[in-house]
Amino acid sequence: MNTPPSPLGAQRTDGSSVLIGALAPLTRPGWAEAGQHLIAGMELAVRDVNDAGGVGGKPLELEVRDTAADPQRAAAAVDELAHLGVAALAGEYHSVVARTAAARADALRLPYLCSSAVLDALTDEPTDRVARLCPAQSHGWRIYADFLRDAGHSRIAVATQPSVYWASGTRLLRNHLAQHGGTVIELDMRELTPTAICDALADHRATALLLLVGHPEPAVPIVRSVRRDQRLTDILIGAPAGQPEFAEWEELLGDLGTAVPFLRYLPHRLTPVGVRVEKSLRERLAQAPSFVAFEGYDTIAVLADVLRTYGTDRARIAEAWPRVAVDGTRGRIEFSRAPGIGVWQWTWPPVQVVDRDPAKPGRFRILHAD
């Protein structure tokens, strides 16, 4: 649907609530567990906003749409939500999907606060309508590359699948590690089985394998094959995109899934807001909340603050990004223009490299922090 948004543009025509459109992958092939955590964080924040009186005396309401990791489905959802009269768009986890959503929102003059998608080029051209909470890939993945270098890894293999996101990550790792004498070897999962991956790792004498692939397939079979290959007992398996963060990883891999370092966007200690939110999210999810759940909460906290201060007019919301100053769950959130990034960016959220503790797979160890 390509119908332009209603001139009302901020709330239902009956004026009963202020709407925010929310995008998240809630079904396969999207990373559904990430999407569920993202929406859980958003819903908790909406509840807190409404308990505090809402926005201008009106309740805040989410209109959630499942993207299922499909860019075209996301574009259609943005059109639908704009026509419904949402004040702003929020969310999304997958970078390629968020990129399409950002382009469509920008074309419709709909402000969009991206929660979790890290691809640097979130938009083709600079725009004032899009802002982002999570760190750009170039920032987080360089920190991950520094972790690898500091741990003594100079021959890195990456198992990859075709994707703008994975290709960007591979390029960032190669360029950064090359400055320090490191090499990156690409292993194309279109051509190799998990068993063949093991042979390639042995042949190349790689000391680390990074999983730049989907979860659970083929990430989980690769981990099983490598962990069980006696030639590769000393190899580090890493997953910078965060696959081990979620409970499904532990359920599928158990002890085999421990000691796999990944990027997580949390501070060493949560803010007082974060401590309270963590407790509520744990109850809501019946498990420890991921960093994605905190991203969801902070997304709504920022939008609610903007809506209260500047109103529900879409143009005024977009103009407000550089004036945001919100105490979120992970620190004070303010947006600026970062070099090479075409959207308003929180520079920077906290970044950690963590893994699951082999002694207790449900516990995370902080290995490196920015």
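The model you are viewing is predicted. Check the backbone of A68 next. Its phi is near 50°, a positive value in a residue other than glycine. A68 sits in the loop between β2 and α2 (71–84).

Now jump to R205 for a second case. Phi of R205 is near 55°, again positive and again not in a glycine. R205 belongs to the loop between α6 (194–204) and β8. Is R205 buried or exposed? R205 is exposed, with a relative accessible area of 60%.

**The sheet**

Seven of them make an open sheet, in the order β2-β1-β3-β4-β5-β14-β13. The pairing is mixed. Color β2 (60–66) and β13 (335–336): these are the edge strands, and each pairs on one side only. Strands of a sheet pair through backbone hydrogen bonds, either parallel or antiparallel.

Zoom in on β1 (residues 18–24) and β3 (residues 88–91). The two strands pair in the parallel sense, over four bridges. Pick L23 and look across: G91 in β3 stands opposite.

Helix α1 lies across β1, β2 and β3. Against β2, α1 runs at about 170°.

**The rings**

Display the aromatic side chains. How many aromatic pairs does the structure hold? There are eight aromatic pairs.

Move on to W141 and Y165. This pair is edge-to-face too, at 5.8 Å centre to centre and 75° between the planes. W141 comes from helix α4 (residues 137–150) and Y165 from helix α5 (residues 164–178), 24 residues apart. W141 and Y165 are both buried.

Ring pairs link W31, Y93 and F246 into a cluster.

Then select R337 with W344. The charged end of R337 sits over the ring of W344, 4.4 Å from the ring's centre.

**The cores**

In soluble globular proteins, nonpolar side chains tend to be buried together. The largest nonpolar core here has 78 residues. Which of its residues touch the most other members? Select L60, W141, V302, W321 and F335. Helix α10 (residues 291–310) gives the most to this core, with 13 residues.

Center on L60. Leave aside its neighbours within four places in sequence, and L60 is in contact with V18, I20, V46, V49, N50, V55, I300, A304 and L307.

A second, separate core has 25 residues. Among them are I185, L187, A239 and L253.

**Two cis bonds**

Finish in the loop between β8 (208–212) and α7 (219–227), where P216 lies. A cis peptide bond joins H215 and P216, with omega about 5°. Step along to E217 and P218. The peptide bond from E217 to P218 is also cis, with omega near 0°. P218 is placed in the loop between β8 and α7 as well.

Technical notes: Residues are numbered from 1 along each chain as its sequence is written. This is a predicted model: local features need pLDDT of at least 70, side-chain atom pairs count only at pLDDT 80 or more; totals for chains, interfaces and linings use all residues. Side-chain values use heavy atoms; hydrogens and water are left out. Two strands pair if DSSP finds at least two bridges between them. Contact means heavy atoms within 4.5 Å. Axes are lines fitted to C-alpha atoms, for helices over the stretch in contact, and angles run from 0 to 180 degrees between N-to-C directions. Rings of Phe, Tyr and Trp (its six-membered ring) pair if their centres lie within 6.5 Å; planes under 30 degrees apart count as stacked, over 60 as edge-to-face and the rest as tilted. Buried means under 20% relative accessible area, exposed over 50%, partly exposed in between (1.4 Å probe, protein chains only). A charge sits over a ring if NZ of Lys or CZ of Arg is within 6 Å of the ring centre and within 35 degrees of the ring normal. A nonpolar core is a set of buried Ala, Val, Leu, Ile, Met, Phe, Trp, Tyr and Cys residues joined through side-chain atoms within 4.5 Å.
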